[in-house]
Amino acid sequence: MERSTFVYDGDCAFCTRCAEFIERRIPTGARVVPWQFADLDALGLTEAECEEAVQWVGADGSRAAGPDAIARLLGDSGPLWRVAGAGLRVPPVRLAAWPAYRWVARNRHRLPGGTAACALPQEARERLYGPSGRPTTGA
């Protein structure tokens, strides 16, 4: 694989807002792509893994999930973001990050950008992915 890939749930409004933030604010060479439009077989991922947590597949084939995936994404970014990624890897922080990540995942429909069904409204899906359901961006 020539570049790393960060995979998120493209049917979750909160997750999509976070991915949009990454694309706008975090300078990374990784592809940021919803799992629904990723070649999961080529990435070595399953739908179940992607439904459970965000995923990182490094250009070298390394893999990480949840806050570990976020730490890898940040570590692959600009200098300030790399510091944040390194902070997520510190054992006490990493230990606390998993319960926090699981809490956010369980409550994402209540968070800003989330919906009761944790699914994007149809007009937002069409804006992002087109009426055919295929991405309209470089994702």
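Contact, in these exercises, means heavy atoms within 4.5 Å. The model is predicted, so local features need pLDDT of at least 70 and side-chain atom pairs count only at pLDDT 80 or more, while totals for chains, interfaces and linings use all residues. Residues are numbered from 1 along each chain as its sequence is written, and side-chain values use heavy atoms, with hydrogens and water left out.

**Exercise 1. Find where Leu111 lies and which residues it touches.**

Solution. Begin with the elements: helices (H or I, at least four residues) and strands (E, at least two) are DSSP runs, numbered from the N terminus. Leu111 belongs to the loop between helix 6 and helix 7 (122-129). Next, leaving aside residues up to four places away in sequence, Leu111 touches Phe14, Trp103 and Val104. Finally, take Leu111 and Phe14 as a pair: 97 residues separate them in sequence, yet their C-alpha atoms are 6.8 Å apart in space.

**Exercise 2. Describe the sheet and the way helix 1 packs on it.**

Solution. Two strands pair if DSSP finds at least two bridges between them. Four strands, in the order 2-1-3-4, form an open sheet with mixed pairing. Strand 2 and strand 4 (63-65) stand at the edges, and because each has a single partner strand, one side of each is left without a neighbour in the sheet. From one strand to the next, the twist averages 20°, where angles run from 0 to 180 degrees between N-to-C directions and axes are lines fitted to C-alpha atoms, for helices over the stretch in contact. Helix 1 packs on this sheet by touching strand 1 and strand 2, and its direction makes about 155° with that of strand 1. Now look at the pair itself: strand 1 and strand 2 (residues 31-34) run parallel and are joined by four bridges. Thr5 stands opposite Arg31, and Tyr8 stands opposite Pro34.

**Exercise 3. Work out how helix 4 and helix 6 meet.**

Solution. The axes of helix 4 (residues 66-75) and helix 6 (residues 91-107) come within 8 Å and cross at roughly 115°. Helix 4 contributes Gly66, Pro67, Asp68 and Ile70 to the contact, and helix 6 contributes Arg94, Ala97, Trp98 and Tyr101. Sorted by class, these are five nonpolar, one polar and two charged residues, where Ala, Val, Leu, Ile, Met, Phe, Trp, Tyr, Cys and Pro count as nonpolar, Asp, Glu, Lys and Arg as charged, and the others, Gly among them, as polar.
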